[in-house]
Amino acid sequence: MTKAKATLVVRGIKQCLTMGTGDGPRVGDEQNDAGVIEDAAVAAAGKEIIYVGPASGLLREIREAPDVVRIDAGQGVVLPGFVDPHTHLLFGGWRPAEFGQRIAGESYQDILAAGGGILSTVAATRALGEEELVEIGRRRLHRMLTMGTMTVEAKSGYGLSLEDESKLVRAACRLAATEEVEVVPTLLGAHAVPPEYRDDRQGYLRLVIEMVESLADRVEFVDAFCETGAFSVEECRDVFAAAQRAGLGIKLHADQLGDTGGAALAAEVGAVSADHLDYISPAGIAAMATAGVVAVLLPSVPLYLMSQHQAPAAALQRAGVPIALATDFNPGTSPVESMAAIVALACMLLRMSPAAALVAATRNAACAIGRGDRVGSLDVGKQADLQIYAVSDYRMLPYRFGQLSPRIVIKRGGVVLDCGGAAG
């Protein structure tokens, strides 16, 4: 038998979290299994993993290329790169004043009705050119990479005109073509009704459908904000019909501020994910479980909204709904770029086990953006995206509440970040 020739070999791994074999999400009790291999090794040939397993079996399976890169994990922890399946990556400006307003008791809906919230970011984003947005996105992606995030979904939604939504999508596509972090573009034209259409709601919905048709060759998913004060189930259904005609995947902001039937709509239209779900009903949970829709939970958002109401992670997991995690990085309700911080919040606020939270931030998150066959787990044939931490127990990541950064980041089989340091 000819052994595979490795161009990258990682030894000295105390714990390797594979997140399991295969391509689909982990559900139910199996989500508590991160596929930990003790005293492990990982090898890659080019961009692809060719060995994951006990260090003692490495040389039986592979041979090293003459120019092999050898890495000593220093008895640390190795896991797949984080996948962030819900971000609003590209926007202009920040909204720190609203943080103070919410502390003082104003609600999200109050701020939006007064012209703040999404609409204030729309104004700031429309004022930026495409080059400025690309540079802003590049800096943000670099920060995310230093924190172990290697694949990011990037929504539009702060343009709300055909010209400005196109600008955001073009910027996301340029980042996808040039940056180490993989970028998955999503169209979120149905984010809010812009001021110029305040008295012509149906006219704006027709424009959103035109956006879907015009940008279908540049995006992978279409999203909508199904919520009181945003778009109704019926309005979102029309947008998703256009997405289906264009052959695009569907994602949905659902049941964030109340039970508006978003989860059931996600199941009805075959969405890849329904996100937020803080107020999902038992019927919505059952519908998502039957349809296999991934629940993307965003635990930082209720914190920034000064709400005590988090998504029912335990009920979702018991029902067999695959759970993913994301930052919802945006300027108003979650200016958070660290997936490690989100993992910690999921453990403490959603009572997810450390293993389940890490599965949710990698394997299941990849499935929430249609990438489960490629990233999110360490398995032979998958892309060699992995991060190495200078700790000896994976539970240190949530225990240290997002304070730990990877010592080494490997993307597509190549080292893209090396900070040195040893396990402690």
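Which elements each supply at least two residues of the lining of the second largest cavity? Before I answer, please bear in mind that this is a predicted model. The elements in question are strand S6 (149-155), helix H6 (162-178) and strand S7 (182-190). Of these, H6 gives the most, with three residues. The space in the second largest cavity is about 40 Å³.

The largest cavity holds about 130 Å³ of space. Its lining has 13 residues, and those closest to the centre are Tyr108, His191, Asp328, Asn330 and Thr333. Here the classes are four nonpolar, seven polar and two charged residues.

I turn next to the largest pocket. The space within the largest pocket is about 310 Å³. A lining of 16 residues surrounds this pocket, and Leu112, Ala113, Leu119, Val193 and Gly229 are the closest to its centre. Two elements give two or more residues to this lining, namely helix H3 (108-113) and helix H4 (118-126). The largest share comes from H3, with three residues. The lining of the largest pocket has ten nonpolar, four polar and two charged residues.

Gly117 lies in the loop between H3 and H4. Gly117 is buried, with a relative accessible area of 5%. In one of them, the rings of Phe91 and Trp94 have their centres 5.2 Å apart and their planes at 85 degrees, so the pair is edge-to-face. Are these two residues buried or exposed, or something in between? Phe91 is buried, with a relative accessible area of 0%, whereas Trp94 is partly exposed at 46%.

Phe91 also pairs with Tyr158: the ring centres are 6.2 Å apart and the planes stand at 75 degrees, so this pair too is edge-to-face. Phe91 lies in the loop between strand S5 (82-84) and helix H2 (96-103), and Tyr158 lies in the loop between S6 and H6, so the pair ties together parts that are 67 residues apart in sequence. Both Phe91 and Tyr158 are buried. Ring pairs link Phe91, Trp94, Tyr158 and Phe329 into a cluster.

Which residue lies over the face of Phe91? That residue is Arg140, at 3.8 Å from the ring centre. In another case of a charge over a ring, Lys251 lies over the face of Phe221, at 5.7 Å from the ring centre.

Finally, the cysteines. How many disulfides does the count give? The count comes to zero. Cys236 is buried, with a relative accessible area of 1%. Cys419 is likewise in no disulfide, and the nearest cysteine sulfur, that of Cys16, is 20 Å away. Cys419 is exposed, with a relative accessible area of 54%.

To close, I return to two points. The Phe91 and Tyr158 pair ties together parts that are 67 residues apart in sequence, and Arg140 lies over the face of that Phe91 ring. Thank you for your attention.

Technical notes
Residues numbered from 1 in each chain as written. Predicted model: local features only at pLDDT ≥ 70, side-chain atom pairs only at ≥ 80, totals over all residues. Heavy atoms only, no water. 1 Å grid on protein atoms, 1.4 Å probe; cavity = no way out; pocket = protein on both sides within 12 Å on 5 of 7 lines; lining within 4 Å. Points joined across faces, edges and corners; volume = space filled by probe spheres on them. Nonpolar A, V, L, I, M, F, W, Y, C, P; charged D, E, K, R; others polar. Helix = DSSP H or I, 4+ residues; strand = E, 2+ residues; numbered from the N terminus. Phe/Tyr/Trp six-rings, centres within 6.5 Å; stacked < 30°, edge-to-face > 60°. Buried < 20%, exposed > 50% of the residue type's maximum accessible area, 1.4 Å probe, protein only. Lys NZ or Arg CZ within 6 Å of the ring centre and 35° of its normal. Disulfide = S-S within 2.5 Å.
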